[in-house]
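Notebook open, structure loaded. I'm jotting down what I look up as I go.

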Amino acid sequence: MIKRLMLSLCLACAALPAFATFDITQLMSDLARHKGGKARFVETRYLAVLDKPLISSGEMTYVAPDRLEKQTLKPKVESMVLDKDQLTLARDKQTFSINLASQPEALAFVDSIRGTLSGNRAALEKNYALHLSGASDKWVLTLLPRDEKIANFVQRIVVNGNRGQMRQIEYLQADGDRTVLSIEPINP
Amino acid sequence: MKSKALRSFLIWLLAMLAGAAIVAQTRFSADMSFFLPSHPTAEQQVLVEQIKDGAVSRLLMLGIEGGNASQRAQVSRELRGRLAAMPEFVAVQNGESGSLDADRDLLLAHRYLLSPAVNPERFTVDGLHRAFSDSIDLLTSPAGMLFKPFLTRDPTGELPALLVTLSGGNQPASRSGVWASRDGERAMLLAQTKAQGADTDGQERALTLIRSEFEAIRASTGRSDIRLLLSGPGHFAVKARATIKEEVFRLTVISSLAIIAVLFFVYRSLRLMTLGLLPVVSGMLAGVVAVSLAYGTVFGITVGFGAALIGEAVDYSTYYFVQSGRLGLAAWRERFWPTIRLGVATSVFGFGALLFSGFPGLAQLGLYSLAGVLTAALVTGYILPDLAGPLVHSAAPTRPWPGIAKVLAALQSLRWPTLGLALLALIYIGAVRDDLWHPNLSALSTASEADSAVDGALRADLGAPDSRYLVVVTGTDREAALAAAERAGKALDGLVAQGVIAGYDNPARFLPSHAAQAARRAALPDADTLRTRTAEALADLPLNANKLDTFIADVVAARDAPDITRADLNGSNLALAVDSLMLQRINGWSVLLPLHPAMGSGELQIPANDIRAALAGSDALFIDMKAEFDALYASYLGEAITLSLAGVLAIVVLLAFNLRSARRLGAVMLPLALAVIFVVAGLHLAGQRLHLLHLIGLLLIVAVGSNYALFFDRAAGQGELDPETLTSMGVANLTTAIGFGTLALSSVPVLNAIGTSVGPGAILALLLGAMFVPRGTAK
């Protein structure tokens with residue numbers, strides 16, 4: 001009985017590549033084909049300390065492979081530009097600029113978005129274990145930090161999307177707070 | 001006669017011993033004060049203080065190269081660990097994580113006395129509502145993640161308000177957890193020495209420690225491919241001193257040996273040669289004594305100038321020995337001494353002009369040379385003859401070179417071509433006059449180009465403050481100075497808001513005046529009031545009042561907390577920031593507020609007029625260090641021009657008074673003027689840009705060269721140019737050229753400039769003097 005089960009399992013395994021056309025490699029090449037564009041975003045933060053979720057919204061622009069601009073319009077105007085490793089934050093006439101190479105944890109966090117956007121599997125696997133489910137037109141990619149230091153920063157990242165387009169990112173922080181970023185592409 | 005000689009010798013010996021005793025007590029220095037103004041303006045005073053004991057002058061920059069990033073980081077951590085434990089260093093930073101947490105905790109603990117946002121309005125219901133809303137909004141920002149853990153403790157957001165003021169955005173890059181250069185190929189450290197910038201010995205000790213600890217680490221890790229780069233004001237000072245020390249010794253030895261060789265060749269007598277050097281040694285000693293008595297400290301460069309003085313002072317004994325041989329002492333005194341005396345007087349006038357310089361180095365050179373030349377002449381005129389006794393008559397060489405008349409004739413036939421060439425040189429000088437002069441003080445810096453390049457690279461990598469733009473306020477005590485800094489800060493805040501400047505540093509942010517702390521404390525409500533207002537302010541916000549108990553407790557505690565003092569900051573980077581911007585002076589304190597230029601304007605310039613307008617009415621001083629340096633140099637240069645002209649004028653008047661003939665005066669001055677023209681044109685053609693020491697060199701050409709012209713003039717007057725006079729002039733000229741010319745070998749720009757101008761100038765003055773001596777004078 002067991003022997004037969006084993007056999008059919010082996011057969012199933014052998015047959016798998018023939019129809020499972022969607023895997024991480026496939027997703028990454030879909031993502032890498034996406035050269036950028038503009039999108040509206042709504043970011044919802046669920047924080048234990050607050051009674052209600054915090055909602056912010058605005059526009060973001062991605063230029064492959066390593067420039068990401070996030071322009072928050074509500075509740076307060078703020079702009080964040082990530083150019084290579086240089087993160088620049090402008091708020092209230094104040095501009096902060098920081099080279100992320102000096103902040104490994106922050107860099108790992110940023111790499112989760114950037115790696116996904118650009119389909120850079122190597123960059124993602126450097127810091128995270130990847131799990132993919134779903135199909136090409138509705139996939140869910142889960143990133144689990146390999147390093148404890150990064151896990152103190154973010155416990156789990158779940159990205160949803162269809163084909164080369166990212167639609168939603170959810171960050172689960174170590175303290176249980178959660179942020180959901182929904183992305184709606186603006187078609188030029 | 002014998003007893004007279006003995007008496008002379010004893011007087012001389014006594015004077016020398018007294019001089020030696022003074023020299024033994026003298027402090028020699030090779031620091032920047034050589035270049036710093038002796039009567040500074042208020043702005044220059046700040047410059048002087050910054051260079052002598054400002055915090056920036058105590059910063060050493062360290063770069064670690066070679067190996068890979070993690071190896072460099074390991075060496076960086078180890079080096080920081082070792083150096084930070086040493087009393088010679090106030091602080092050693094390498095950007096290791098954790099060091100900033102201590103600062104943050106300190107700011108958090110004292111936030112209600114530190115935060116500029118704390119005022120009575122902030123703790124009304126409206127003010128609290130606004131502050132709470134802003135803090136909640138901040139949580140939507142990426143930066144908010146940093147502040148989320150502190151929300152219930154600091155819901156008014158004093159910590160973010162304080163952190164914004166911590167020189168934002170200017171942190172160096174980082175690799176493997178420690179500071180790195182922008183390209184990541186170098187690990188960077190910053191060390192602040194306990195020794196002040198002006199304490200060159202202390203700086204040298206600190207540098208030696210850094211090197212030896214680095215070597216020890218390198219040896220223990222076995223990483224021989226890792227290298228250390230060092231720079232900073234202390235490094236430059238130590239290097240400059242070593243250079244000057246080494247060169248002063250080397251130049252003096254070269255010049256002495258060459259001149260001794262010349263004298264020995266001429267006299268062929270050890271005794272005469274030794275006697276010939278007597279006035280020189282006396283002069284050099286007198287020079288150091290005079291400077292020591294007048295200034296207390298003798299600069300190394302001044303002593304280096306001794307090499308030139310040897311060549312000049314030896315002339316007098318040369319004249320005596322060579323010229324008196326045939327005539328005897330009495331006739332020499334009558335015939336030659338007046339001419340020599342006049343020559344000495346012109347030299348004294350030339351050097352004397354420098355005494356009035358506000359550039360201390362120049363004034364010292366002037367006094368040193370003046371005392372030296374005068375002493376050498378006096379020793380030659382009044383002590384040497386007694387000591388040398390009748391021996392001179394038998395031993396003095398009278399073997400003039402027979403070809404000398406032919407040379408003279410040949411020279412004289414070149415008069416018109418020479419004048420034509422001088423005209424061309426003048427036209428050339430006129431054509432290049434705009435880039436004839438070096439425009440700034442760096443021309444005088446001993447730092448090599450390679451060192452400057454390393455310094456620039458390390459500075460850029462560290463984002464180290466070059467503190468070009470400063471606002472300076474003063475107060476009779478620390479409290480008054482901090483209060484003044486707070487007032488100036490308010491004016492500057494306006495400029496930051498307008499975007500005129502990006503920001504500024506202010507020690508009063510971390511160490512507010514007691515008045516400011518008291519005002520903030522008074523703004524804090526009591527527990528019940530705060531609780532009521534907080535509840536009301538939170539009415540429509542997603543934050544629940546019952547989570548804010550730590551907030552209420554912290555505010556109440558701050559109402560009774562003692563003022564923050566400097567001691568509270570001990571061990572943090574904030575202490576370093578405060579100390580480096582506050583300076584205790586004899587009559588109070590001064591506080592520096594370095595300004596950060598607005599980004600994006602390309603050139604990182606600050607509109608000085610806007611700053612001055614904003615500060616108008618206060619006693620705060622805006623200083624552009626670079627402009628001050630440039631202005632300082634311009635004032636030195638302007639002064640040097642005035643002094644040189646005054647010196648030349650004094651010499652002309654002196655000669656006119658003595659010669660009493662316009663024609664003779666013209667004949668004396670013409671060769672000198674031509675020599676100056678040729679030297680200026682020649683230096684420029686050789687690719688040198690002239691600076692103020694070249695100018696002084698030109699003055700010295702006139703002062704020194706007039707001696708030869710006067711001998712030619714005397715000879716012309718008496719209708720003969722005897723071989724003894726010619727020989728003595730030739731020897732004197734050779735020794736002078738050797739003495740000054742040796743300085744041309746120096747890499748110290750001050751000495752090099754004097755050498756390259758006076759060395760050739762002296763020779764030209766002799767040749768041109770011979771060329772324009774009236775025809776038929778030589779026999």
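I began with A:Pro75, which sits in the loop between β3 and β4 of chain A. Strand and helix names here follow DSSP runs (helices are H or I with at least four residues, strands are E with at least two), numbered from the N terminus. The bond joining A:Lys74 to A:Pro75 is a cis peptide, with omega at about 0°.

A note on ground rules: this is a predicted model, where local features need pLDDT of at least 70 and side-chain atom pairs count only at pLDDT 80 or more, while totals for chains, interfaces and linings use all residues. Residues are numbered from 1 along each chain as its sequence is written, chains are lettered from A and ligands numbered from 1 in the order in which they are written, and side-chain values use heavy atoms, with hydrogens and water left out.

Next loop: A:Arg163, between β9 (156-162) and β10 (165-172) of chain A. I noted a positive phi of about 50° for A:Arg163, although this residue is not a glycine.

Then I went after salt bridges (a side-chain nitrogen of Lys or Arg within 4 Å of a carboxyl oxygen of Asp or Glu). Side chains of opposite charge can pair when their charged atoms come close. Over all chains, the search turns up 33 salt bridges. One I looked up is A:Lys70 with A:Glu43, at 3.0 Å from N to O.

How many salt bridges cross the interface of chain A and chain B? The rule finds four. A:Asp51 and B:Lys547 form a salt bridge through their side chains, 4.0 Å from N to O. On chain A's side of the contact, β1 (36-46), β2 (54-63), β4 (78-83), β5 (86-91) and β6 (94-99) each supply at least two residues. I marked β6(A) as the one that gives the most, with four residues. Sorted by class, that side has 10 nonpolar, six polar and 10 charged residues. The classes run like this: Ala, Val, Leu, Ile, Met, Phe, Trp, Tyr, Cys and Pro are nonpolar, Asp, Glu, Lys and Arg are charged, and the others, Gly among them, are polar.

For the whole contact (heavy atoms within 4.5 Å), I wrote down 26 residues from chain A and 23 residues from chain B. Chain A and chain B bury about 2,200 Å² between them, 60% of it on carbon and sulfur atoms. Buried area is the accessible area (1.4 Å probe) that two parts lose on being put together, summed over both.

Last stop, helices in chain B. The axes of α18 (residues 404-412) and α31 (residues 749-771) come within 8 Å and cross at roughly 85°. That makes α18(B) roughly perpendicular to α31(B); the label covers 65 to 115 degrees. Axes are lines fitted to C-alpha atoms, for helices over the stretch in contact, with angles from 0 to 180 degrees between N-to-C directions. In this crossing, B:Leu408, B:Leu411 and B:Gln412 meet B:Leu767, B:Ala770 and B:Met771. Five of the residues there are nonpolar, one is polar and none is charged.

Technical notes: Parallel < 35°, antiparallel > 145°, perpendicular 65-115°, else oblique.
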